[in-house]
Amino acid sequence: QSTIPPGLNNVVAIATGYYHSLALEANGTVVAWGYNSSGQSTVPSGLSNVVGIAAGYAFSLALKSDSTVVGWGDNSYDQTTVPAGLNDVVAIAAGFYHSLALKSDGTVVAWGYNGSGQTTVPAGLNNVVAIAAGFNHSLALKSDGTVLAWGYNAYGQTNVPAGLNNVMAIAAGAYHSLALEANGSVVAWGANSAGQTNVPAGLTNAVAIAAGGSHNLALVGNGSV
């Protein structure tokens, strides 16, 4: 999964699942490599015009330029069975066994495993501008800078901190959640078994965030990580 295919270039986006990797090339094609037990790195023949990618535990998703979604790989919980008629999608996210899609009207569609309510989108949720999926929980960032979360909550990963606002980006780890505020600070909540919610003292001017299973990364405005 970390052996980059020879000749891979012109890449504009990347995504990682549990044991596989995806790359989106500028020409709209997808390259996948790594573990392939469920066909998660077997890109569907003829897949083209892709503008976004996401990777779950053992499955993959692609967002096409016509705003439709394609899924492949493990489908044990229908996580790659895209809901009929789903269109106008502007962003996608993949959890352990569930999938999320953000539509142009600011609503969210979810499918796949729902054992913890991770695909039960809160009633009336709208004005969403970004989505993220953890192992068994989901996050949505609204246009007013607030965050909503739902699904598995044994570690408080869906308990959004009171007063959290002015958020510009979100990320979800296995059992924890992250938010990047407009002032460049990072807020973290949920499981902390590996210190994954202990934001480093003095971290400021962050411009992007990412969450692994039990660790986090922040890109700072000076180009450091």
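In the predicted model, the side chains of strand β11 are divided between two directions, with His137, Leu139 and Leu141 pointing one way and Ser138, Ala140 and Lys142 pointing the other, and all of these residues are buried. In a regular strand, side chains alternate between the two faces of the sheet. The strand, which spans residues 137-142, is accordingly described as mostly covered, with 6 of its 6 residues buried.

Strand β11 is paired with two further strands. Strand β10, comprising residues 128-133, pairs with β11 in the antiparallel sense over 5 bridges, and within this pairing Ala130 stands opposite Leu141 of β11.

A separate feature is found on the surface, where Val207, Leu217, Leu219 and Val225 form a nonpolar patch whose accessible area is about 370 Å² together. Of these residues, Val225 is placed in the segment after β17, the strand that covers residues 216-220. Val225 counts as exposed because its relative accessibility is 75%, and the cut-off for this class is over 50%.

Note on methods:
Residues are numbered from 1 along each chain as its sequence is written. This is a predicted model: local features need pLDDT of at least 70, side-chain atom pairs count only at pLDDT 80 or more; totals for chains, interfaces and linings use all residues. Side-chain values use heavy atoms; hydrogens and water are left out. Patches are made of residues with over 30% relative accessible area and no salt bridge: like charges are joined within 9 Å, nonpolar side chains (Val, Leu, Ile, Met, Phe, Trp, Tyr) within 5 Å. Accessible areas come from the Shrake-Rupley method with a 1.4 Å probe; for residues, only the protein chains shown count as cover. A salt bridge is a side-chain nitrogen of Lys or Arg within 4 Å of a carboxyl oxygen of Asp or Glu. Helices (H or I, at least four residues) and strands (E, at least two) are DSSP runs, numbered from the N terminus. Buried means under 20% relative accessible area, exposed over 50%, partly exposed in between (1.4 Å probe, protein chains only). Two strands pair if DSSP finds at least two bridges between them.
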